[in-house]
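Here are a few notes to read with the model open beside you. Take them one at a time and find each spot as you go.

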Amino acid sequence: MLENERCLLTTKDFTILEVMLDRGQEAALTQLIRRKLDHATVIFREDVPAGIVTLNSRVSYRVGNAAPETRIVSQSRLNGLVGFVLPLTTLRGLALLGLAEGQSITVTTVDGETEMLSVEQVLFQPEAASRTLAHERSRGRRPRLVYDADALPSAIVADDPFEKPVPDDPGPSAA
């Protein structure tokens, strides 16, 4: 099933899979969950490498030799985001969880056919983003909230091409 039978799961992701198993799933998902739980190395959220697919990661993956697809691996279906998310309640979403960039997995679909999924690249991982933000904060860099354009350096503020020119005549208020 797993290339090298290796799977890295955060403690949270591992717990979610245990809950899914307890609640019961269709046979193909149950088999994949058990296999992942049996072969998982569980690590703390802070220790997960950046190239690992975790919950809420945006990942570019390939099914067989098809063109790569990009999805966010989510815990459940998010209404209104059809085509953007890949829930853990689907075979593909579950299969990608815990895999590293370059790693592949072969799964058996509900129809009994097999398909190979390959992780091309983890484009965003919440754990890595959290570490980056914490690192920036520790170095004294903090996001700056800008209330108006006057607070920005003049090099950033461009002239508005749609602004009407100010006439030379000051108008009636000058009297």
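1. Start at Thr90, where a polar atom of the side chain lies 2.7 Å from the backbone oxygen of Pro87. That is a polar contact (a pair of N or O atoms within 3.5 Å; within protein, one must be able to donate a hydrogen and the other to accept it, and residues adjacent in sequence count only if both atoms are side-chain atoms). Thr90 sits in the loop between strand S5 (85-87) and helix H3 (91-96). Thr90 counts as buried because its relative accessibility is 17%; buried means under 20% relative accessible area, exposed over 50%, and partly exposed in between (1.4 Å probe, protein chains only).

2. A word on the ground rules: this is a predicted model, where local features need pLDDT of at least 70 and side-chain atom pairs count only at pLDDT 80 or more, while totals for chains, interfaces and linings use all residues. Residues are numbered from 1 along each chain as its sequence is written, and side-chain values use heavy atoms, with hydrogens and water left out. Helices (H or I, at least four residues) and strands (E, at least two) are DSSP runs, numbered from the N terminus.

3. Now look at Glu101, in the loop between H3 and strand S6 (104-108). Its side chain reaches the backbone nitrogen of Val122 at 2.9 Å. Leaving out residues up to four places away in sequence, Glu101 touches Gly51, Val119, Glu120, Gln121 and Val122 (contact means heavy atoms within 4.5 Å). The C-alpha atoms of Glu101 and Val119 are 5.1 Å apart, though 18 residues separate the two along the chain. Glu101 counts as partly exposed because its relative accessibility is 40%.

4. Next, the helix pair. Helix H1 (residues 11-23) packs against helix H2 (residues 27-39) at an angle of about 145°, and their axes are 10 Å apart. Axes here are lines fitted to C-alpha atoms, for helices over the stretch in contact, with angles from 0 to 180 degrees between N-to-C directions. On the H1 side, the contact uses Phe14, Leu17, Glu18, Met20 and Leu21; H2 brings Thr30, Ile33, Arg34, Lys36 and Leu37.

5. Which residues of H2 are buried? They are Ala28, Leu29, Thr30, Leu32, Ile33, Lys36 and Leu37. Their cover includes strand S1 (7-10), H1, strand S2 (40-43), H3 and S6.

6. Last, check Asn56: its phi is positive, about 70°, although it is not a glycine. Asn56 lies in the loop between S2 and strand S3 (58-63), and is partly exposed, with a relative accessible area of 38%.
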